[in-house]
Amino acid sequence: MDTALLLEWTIKALLLIVILLTGFAYLTLMERKVLARIQVRIGPNRAGPYGLLQPVADGIKLLFKESIIPAKADKVIFVLAPLITVIPALAINAVLPWGRTVTVFGREVSLYVADINVALLYVMAIASIAVYGVTLAGWSSNNKYALLGGLRAAAQMISYELALGLSLLGPVLLAGSLSLVDIVESQRRMWYIVYQPLAAIIFFITSVAELNRAPFDLPEAEQELTAGYHTEYSGMKFALFYMAEYVKMITVSALFAVLFLGGYLGPFESQYPWLGPIYLLIKILVGLYVLIWLRATLPRFRYDQLMRLGWKVLFPLALFNVVVTAVFVVLLG
Amino acid sequence: MSKVLNDIKAIGKGLATTFRSMLEPPVTVQYPEQKRPVSKRYRGRHVLRRYENGLERCIGCSLCAAACPADAIFVEAAENTDEERYSPGERYAAVYEINYLRCIFCGYCEEACPTQAIVLTDQYELSFTDRRDAIYTKERLLEPVPADGKPTPQKTPPGVFVKPIPEMPDFPEWKP
């Protein structure tokens, strides 16, 4: 194998992991600060200037916490479950395009880890594996509340994955390819949110439900089911669940930007390819802000309301969107 | 259908409200650099007051200990002599301890005191790291000597400080 290529992949992958983990840490701070501002208060501002060392403090705290495994819990699965949830969250980011190609040290380097021609299928497949982690966490805790929470979370995630997958088909039909790089490139004339507003809304709502975030956060709410599937988790294992949720937040915002907001496209992007990642970052920040804004505003859905929304409203709407888009694509060529 | 549109509009109004609340200045008080002012009759730490001449007001009657619902006050009285006078009158509080692990800061002791000796002030920063430090003795509770007074024990001329309560002005004649 070409060592330069291997080195390029390794460096890009490591850089991506580092960026994601740092982003996750500071996303927790951003969420606390933005939630605080919406609630007319200041967020953490004691650990470091403007609270910038708060994620470090949180990380150290979680590392030092005692690792408690319940007596009758299935130890192997108990320890594996957070990993099964976190690794897909990190793996999805491999296909996100951060820009086109730039020249680094006289070598054309593409600003994404991999451009596979079935990228969206890969995304959906890997995202479905995370459901296993949640269910196994609930089951291996030997706690009836955790079990129920895990089952509810799993049912919620798979119900909304249907509508999510169907809403993805809109941009796919318009671009004619499953590859995320192709989808971004074909948005040069006009962003897909203009052509596919319904798909954009459905994608956003279903991905909020996938993330188990408010207003769909019944499985992990503290007041119901005593914190659901991660009741028995403490210390680093709990931090991994937390990490999975926040990294998926970043991923989902990035996917929304890539599919509907033109990804890394923006003014003067073709002359200066380095502007690509910056534009994508701005769009991801907007998406993250909307996710936090939703959490601060909306009350929680009851579980039956949640299921009803997923199956009886979003799924038919997503199907309808696919049919209409397909008809338009065929008619307009 | 219109109900769905109304619901979506309601969500939109909610989002607008939270967005507008972002633009308000935050109401956080940065304790301990800034502190909120306490109310006028705030019930904080106790203080044993003195008269203007430096004599302690507390006469060791232990009405405060009797009134305390949490049994937090311990009073042991002793006899005043003119050579070694702590308070006007015959008695003074030789031992006066308030146990802040029991005190509920209700203020009944302040209401029960006949000489207005024990009062509750605005100090609420009372943390301690050892349970023994929670028992405040008389030295910690006593007010510092006022400007024109002398510290106790004082040597006083005989016959001056006989009554435990100072001379009060007569009440105006009660008219039916």
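I started with chain B, which has four helices and five strands (DSSP runs numbered from the N terminus: H or I of at least four residues for helices, E of at least two for strands). Along the sequence I read the pattern α-β-α-β-β-α-β-β-α.

This is a predicted model, where local features need pLDDT of at least 70, side-chain atom pairs count only at pLDDT 80 or more, and totals for chains, interfaces and linings use all residues. Residues are numbered from 1 along each chain as its sequence is written, while chains are lettered from A and ligands numbered from 1 in the order in which they are written.

**Confidence.** Chain B averages a pLDDT of 88, and 94% of its residues score at least 70 (pLDDT is the predictor's confidence in each residue, from 0 to 100). Within chain B, helix 4 (residues 138–141) has the lowest confidence, a mean of 82. Helix 2 (residues 63–67) of chain B has the highest, at 94. For the model I noted ipTM 0.79 and pTM 0.85.

**Chain B, overall form.** I looked up the radius of gyration, taken over C-alpha atoms. Chain B has 26 Å, but a compact globule of 176 residues would have a value near 16 Å (the rule is 2.2 Å times the number of residues to the power 0.38). Its C-alpha atoms fill a box of roughly 95 × 55 × 35 Å along the principal axes. Of the 176 residues, 17% count as buried (20 or more other C-beta atoms within 10 Å of the residue's own; exposed is 12 or fewer, partly exposed is in between, and C-beta atoms are placed from the backbone). I also checked contacts in chain B between residues at least 6 apart in sequence: 76% join residues at least 24 apart (contact is C-beta atoms, placed from the backbone, within 7 Å).

**Chain A, helix 3.** This helix (residues 75–92) has 18 residues and reaches 27 Å between its end C-alpha atoms, close to the 26 Å expected (1.5 Å times one less than the number of residues). Helix 3 of chain A bends by about 25° at A:Ala81, and A:Pro82 follows within four residues (the bend is the angle between axes fitted to the seven residues ending there and the seven starting there). Its buried residues include A:Phe78, A:Ala81, A:Pro82 and A:Ile92. The buried residues of helix 3 pack against helix 1 (3–38), helix 4 (119–140) and helix 9 (235–260) of chain A.

**Chain A, helix 11.** How far apart are the end C-alpha atoms of helix 11 of chain A? I find 42 Å, which agrees with the 44 Å that its 30 residues (303–332) should span. Helix 11 of chain A bends by about 35° at A:Leu314, and A:Pro316 follows within four residues. A:Leu314 is also one of its buried residues. Helix 5 (144–175) and helix 8 (197–210) of chain A are among what covers the buried residues of helix 11. Just after helix 11, A:Gly333 takes a positive phi of about 75°.

**A:Lys61.** Is A:Lys61 buried or exposed? A:Lys61 counts as exposed because it has 11 C-beta neighbours inside 10 Å. A:Lys61 lies in helix 2 (residues 54–64) of chain A.

**Between the chains.** Nine residues of chain A are in contact with 10 residues of chain B. On the chain A side, helix 1 and helix 10 (275–297) give two or more residues. Helix 10 of chain A gives the most, with three residues.

Methods:
Two residues are in contact if their C-beta atoms, placed from the backbone, lie within 7 Å.
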